[in-house]
Number of protein chains: 2
Amino acid sequence: MNAMNAVNATHDPSRRSWIESANLPAAEFPLQNLPLGIFLHKGHSRGGVAIGNQVIDLAALLNVGLLGGEAAVAAAASVGATLNPLMALGNQAASALRWRLADLLDRNGCNATDRGRLQQCLVPQADVTMQLPCDIGDFTDFLTSAAHTERHGRLKGLQPPLPPAFKHLPVAYHGRSSSIRVSGTPVCRPNGQWLDDAKVPRFGAVESLDFELEMGAFVGRGNALGKPIPLCIANEHIFGYCLLNDWSAKGVQWWEQVLGPFLGKSFMTSISPWIVTSEALVPFAKQNSAHQASDPSPLGYLTDSEGTSPSSFSIQLSATIRTARMRANGDSGTRISSTSLDAMYWSFRQMLVHHASNGCNLRPGDVLGSGTLSGDQVTSMGCLTEMTSAGRHPISLGSGEQRPLAARRRRNRLECDSSAGGLRLCEFRQLQG
Amino acid sequence: MNAMNAVNATHDPSRRSWIESANLPAAEFPLQNLPLGIFLHKGHSRGGVAIGNQVIDLAALLNVGLLGGEAAVAAAASVGATLNPLMALGNQAASALRWRLADLLDRNGCNATDRGRLQQCLVPQADVTMQLPCDIGDFTDFLTSAAHTERHGRLKGLQPPLPPAFKHLPVAYHGRSSSIRVSGTPVCRPNGQWLDDAKVPRFGAVESLDFELEMGAFVGRGNALGKPIPLCIANEHIFGYCLLNDWSAKGVQWWEQVLGPFLGKSFMTSISPWIVTSEALVPFAKQNSAHQASDPSPLGYLTDSEGTSPSSFSIQLSATIRTARMRANGDSGTRISSTSLDAMYWSFRQMLVHHASNGCNLRPGDVLGSGTLSGDQVTSMGCLTEMTSAGRHPISLGSGEQRPLAARRRRNRLECDSSAGGLRLCEFRQLQG
């Protein structure tokens, strides 16, 4: 089991694939990544693994007989329209599949016969439509960036701007599962109710829309109701990660919010379609650097000795905005944020442990969002509310454009991507329609 | 379609069944009710209808050939382990089944041959274990009682105690779906983090537990993402109702609550297992009396002319507590609350319309909770936090017992029931274990 928590042969950066598109310097899906997803091809949704510009059809791979043992069990759990059955098996199954695929796809590790059989299982990514990777039973969104929380607290005039509980527990709320969609699904400008400048409630199409740059974790094996998950085994319950955009109509949210966010967010949440497995991220593990010596010690159940493995990851994230005018001009857009997972005060495994600490059962496929990953710097803010001081100071997009992302500008395109070291993990594109 | 919104032959209070247990004065399931649920019998979960002390096995009923047309379609959608397929058909299908069953079960409406065939489809309720009636994709809990909200606001020192948005929109938060269980499932005393008397965060088994007496509505036919539901057709999207107990660890909730309730509630929510259909409640429809002339007019999308049918129901609810000592003494318990749906400032159809107003998609089987149904009176409070002023004044349970429901008293039994007119709708029993 522990092999999954240590750097191993599947991570070797010197390995190259016989699928040449996976070896390009900017390849999103090199041999070391091998993320899992559900793809739609010829009217049929099923599980696949991304490599270069191809998808490996796992059902086809099973049929050509290239898999055995636990790798075959993992693929058999991935032939349906969701990856929940694979997630429920625990991370060892996905790991066995990863090891087998790393060898089969290796330029030096695969004979001509096997290569020929595997080639029959490839579908060009250009020919598929990615689907949600799993049924997301419950979606929980956390609030782990102190910089984001403090800036919002100041904008709202809260005193203190950082809530007292923030450094004692990972703050969270239940999000809406039904409206989670994969990146690329157009966002409809929502209707909503908000207080106008005269403090009168209004209802109509919202005047502005924000993005929130987050990472999401997928629960793998679940826990039974009433059975908390101790921190020492929390990693075994995290199947993998995605990028997450928590679209927010802040005017609606701030007016309606008595018991937390509701319609200001429930109109849509976007996630990147490929799940980067926990094992793929092992080389990028790092100590959590957000805690200062002056911070309170977490209570026992949340105390992370980082004995098993460091609890954070070295992952950089960025957001780029591309307006209609930029697209018309062939401009690739303006990067408006560069941040990292260092923004997280609490780790994903602390979030998971806290979530289950009252006995709440987590199920395979549940998603835990990090909350907006804003760093301390002006250049590392993860949403426009911070960048524009709630709309008071429009950001500059270069070439004279100074308008913030807003529903009026319905053709802006927001692109986010994340990278860990030299490994590009996944990309997220969203057209606000 | 409108027949479902008007009193019809299925409601006739003079009708009696040839199943005599349905005709008893205190019968929970008379001929006029016919609620739907999922029952487990001989290792197999499937849909059924309650009548007297029996369950009609809908799969068996299909097999004996007593159903045709839309009633058969409805039964065929109910043979699996969830009622979601039936809910997705829209309320007309369940209505057709109701009409056919009302005739088949009527003392004067069923010949001996049909009666004999139907008898083969009956399973005694004593022999079955009720299951969740459907997969609940999302659970949304509202806050519709002004009395409950104001009392809690005062206990927390909020100024004003009633949030400004309360009378402009139905306040709500996303709840946890995974931990919803049917009545009778023991509640585990949860662990949690709270501020002790010295204002120091503590973690451990919570010191007290509250109940919250609510009604829940099940979404029937859903709406597509981005397509709001207008008020005039909202009733068609509500499949039926249940009792709901929103177990709450208030000490945890009040400390953690930055973005709304989370672990203070997610350890379990209980619902009654039988869904009373919207059609069964038609005779109990009444005007919403909670709005005063001095209250603000709702915005257009929430303006309920009550043209289609009145938006509230004449339903009384009560909560009874039965301690371990009472059980040992054969005491039937102490009624601690008597309240009604008049406590709701917003109707279920306004809640549903508001929920979908931003384009959020509701799915068949989603649950909308009313929030704690506290009335104005001391005798009509729907939770112990109000009854005890947050633990400061223990309630009297008679016979010298004065302790509030608390985790220390783990063998208390809380019973809630609701009734509309002379028709007892459903009962809810919960052992706090």
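Which strand of chain B holds B:His41? I looked, and B:His41 sits in β1 (residues 36-41) of chain B.

**Ground rules**

I am working with a predicted model, where local features need pLDDT of at least 70, side-chain atom pairs count only at pLDDT 80 or more, and totals for chains, interfaces and linings use all residues. Residues are numbered from 1 along each chain as its sequence is written, chains are lettered from A and ligands numbered from 1 in the order in which they are written, and side-chain values use heavy atoms, with hydrogens and water left out. Helices (H or I, at least four residues) and strands (E, at least two) are DSSP runs numbered from the N terminus.

**Entry: B:His41**

I find B:His41 buried, at 15% relative accessible area. Here buried means under 20% relative accessible area, exposed means over 50% and partly exposed is in between, with a 1.4 Å probe and protein chains only. Not counting residues up to four places away in sequence, B:His41 touches B:Arg46, B:Val123, B:Asp127 and B:Val128; contact means heavy atoms within 4.5 Å. I also noted B:Thr129, which is 88 residues from B:His41 in sequence, with the two C-alpha atoms 6.8 Å apart in space.

**Entry: B:Ser145**

B:Ser145 belongs to the loop between β6 and α6 (146-155) of chain B. Its relative accessible area is 1%, so I log B:Ser145 as buried. I traced its side chain to the backbone oxygen of B:Ser374, at 2.7 Å. That is a polar contact, meaning a pair of N or O atoms within 3.5 Å; within protein, one must be able to donate a hydrogen and the other to accept it, and residues adjacent in sequence count only if both atoms are side-chain atoms. Setting aside neighbours within four places in sequence, B:Ser145 is in contact with B:Phe166, B:Ala343, B:Thr372 and B:Ser374.

**Entry: A:Asp366**

A:Asp366 is buried, with a relative accessible area of 0%. A polar atom of its side chain lies 2.8 Å from the backbone nitrogen of A:Arg363. Beyond its neighbours within four places in sequence, its contacts include A:Asp138, A:Phe218, A:Asn361 and, from chain B, B:Arg176.

**Entry: helix α9 of chain B**

How many residues of α9 (348-356) of chain B are buried? I count nine of its nine, so I call the helix mostly covered. The buried residues pack against β6 (139-143), β11 (213-219), β12 (238-245) and β19 (367-369) of chain B.

**Entry: α2 on α4 in chain B**

I checked helices α2 (69-76) and α4 (91-105) of chain B: they pack at about 110 degrees, with axes 7 Å apart. That makes α2(B) roughly perpendicular to α4(B), the word for angles of 65 to 115 degrees. Axes are lines fitted to C-alpha atoms, for helices over the stretch in contact, and angles run from 0 to 180 degrees between N-to-C directions. On the α2(B) side I see B:Glu70, B:Ala71 and B:Ala74, and the α4(B) side includes B:Leu97 and B:Arg100.

**Entry: the two copies**

How are chains A and B related? A rotation of 180 degrees with 0.0 Å of shift along its axis superposes A on B, RMSD 0.0 Å. The copies are thus related as by a two-fold rotation axis. The superposition is by least squares on C-alpha atoms of residues with pLDDT of at least 70 in both. In chain A, the C-alpha nearest the axis is that of A:Gly260, at 2.0 Å.

Terms used
Angles under 35 degrees count as roughly parallel, over 145 as roughly antiparallel, 65 to 115 as roughly perpendicular and the rest as oblique.
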